[in-house]
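Here is a friendly walk through the packing of one fold. Please keep the viewer open while you read.

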Amino acid sequence: MSVLHTPVLAEEAIEWLRIRPEGTYVDATTGTGGHALEIARRLTTGRLVALDRDPQALAVARERLSEYSEKVVFVNAEFSTIGKVAQNMKMPPFDGVLADLGVSSLELDTPERGFSFRWAGPLDMRMNPHTALTADEIVNQWPERELANLLYQKADERNSRRIAKVIVRSRPIRSTEHLATIVAGVHKARGRQELHPATKTFLALRTAVNREEEELEQFLSRTPVTLNLGGRWVTISYHSREDRPVKQAYQRLAREGSFRVLTKKVLRPSDREIAANPRARSAKMRVAERIAPAEPRRVESAS
């Protein structure tokens, strides 16, 4: 199954997590379980918390890791709630936390989820199908100015105003394929293009629908206190709006003296991995380690 492809930077992530067989770990963005499987394989008496907001992906991961069921606890929740999850489960401080911020293969390769412009699908894009906002509401109901601002602010789309104007004029837009065709018509062909012209538009919509920037901000602020002394924190990002806040959060923690950054330069996939899995091409991995005891945990308030 395509949803079970090799996870991005899997060998590097496992190496830097420095997994102890008796340790306690969190895969904060489990998806279909690629990284989680590699962690679970290395545990004996240890535990893994497999966290994801997408119940469909989590169901695939649960089946994939069925032989390790006694070591893995699956939790359907946003990764921003990592602190609350730890409190509710009365877990000891974690020896490692992994977050792969990319979209799962299940989401990308299922037309009905509406994440991809490669085929016709509904304008959905929700990682958590129980949330209210969809891409359809943004595309077909938001005012032109708000739509243009979204495309520029969330994805640095230089043609944001032109795209927003054409989208509004073309309403109603009923499918991802229709939207991609409209956006592609705005862009002028300039030689060979590595990215589809609709890439940034789809990124902006997905980011807004899933509140990805807000979720990441909360995850970065709440994770440090959950880590044990010597615990490793591995984050894999795919574009600058993800990587920049991760880098800044790690640097801030290092200045405070509670963590040290282990990756002085960002880690990237090898050419061999990119050739085998093109979706890995933009991945960047950063690693930090707790070097000072954490302050007592505070009870998280609902956000």
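Helices (H or I, at least four residues) and strands (E, at least two) are DSSP runs, numbered from the N terminus. This is a predicted model, in which local features need pLDDT of at least 70 and side-chain atom pairs count only at pLDDT 80 or more, while totals for chains, interfaces and linings use all residues. Residues are numbered from 1 along each chain as its sequence is written, and side-chain values use heavy atoms, with hydrogens and water left out.

Two packed helices are described by the angle between their axes and the distance between the axes. Here the axes are lines fitted to C-alpha atoms, for helices over the stretch in contact, and angles run from 0 to 180 degrees between N-to-C directions. The two helix pairs look like this:

| Pair | Angle | Axes |
|---|---|---|
| Helix 9 (residues 176-186) and helix 10 | about 130° | 9 Å apart |
| Helix 7 (residues 144-155) and helix 8 (residues 160-170) | roughly 135° | within 8 Å |

With contact meaning heavy atoms within 4.5 Å, helix 9 brings Thr176, Leu179, Ala180 and Val183 to Thr201, Phe202 and Leu205 of helix 10. By class, this contact of helix 9 with helix 10 has five nonpolar, two polar and no charged residues. Ala, Val, Leu, Ile, Met, Phe, Trp, Tyr, Cys and Pro count as nonpolar, Asp, Glu, Lys and Arg as charged, and the others, Gly among them, as polar.

Helix 7 is likewise oblique to helix 8. Residues of helix 7, including Leu147 and Leu151, meet residues of helix 8, among them Ile163 and Ile167. The contact of helix 7 with helix 8 divides into eight nonpolar, one polar and three charged residues.

Phe117 and Phe202 form an edge-to-face aromatic pair, 5.2 Å centre to centre with 90° between the planes. Rings of Phe, Tyr and Trp (its six-membered ring) pair if their centres lie within 6.5 Å; planes under 30 degrees apart count as stacked, over 60 as edge-to-face and the rest as tilted. Phe117 lies in the loop between helix 5 (105-108) and helix 6 (135-141) and Phe202 in helix 10 (residues 199-209), so the pair ties together parts 85 residues apart in sequence.

Now for the sheet: seven strands form an open, mixed sheet in the order 3-2-1-4-5-7-6, where two strands pair if DSSP finds at least two bridges between them.

Definitions and conventions
Parallel < 35°, antiparallel > 145°, perpendicular 65-115°, else oblique.
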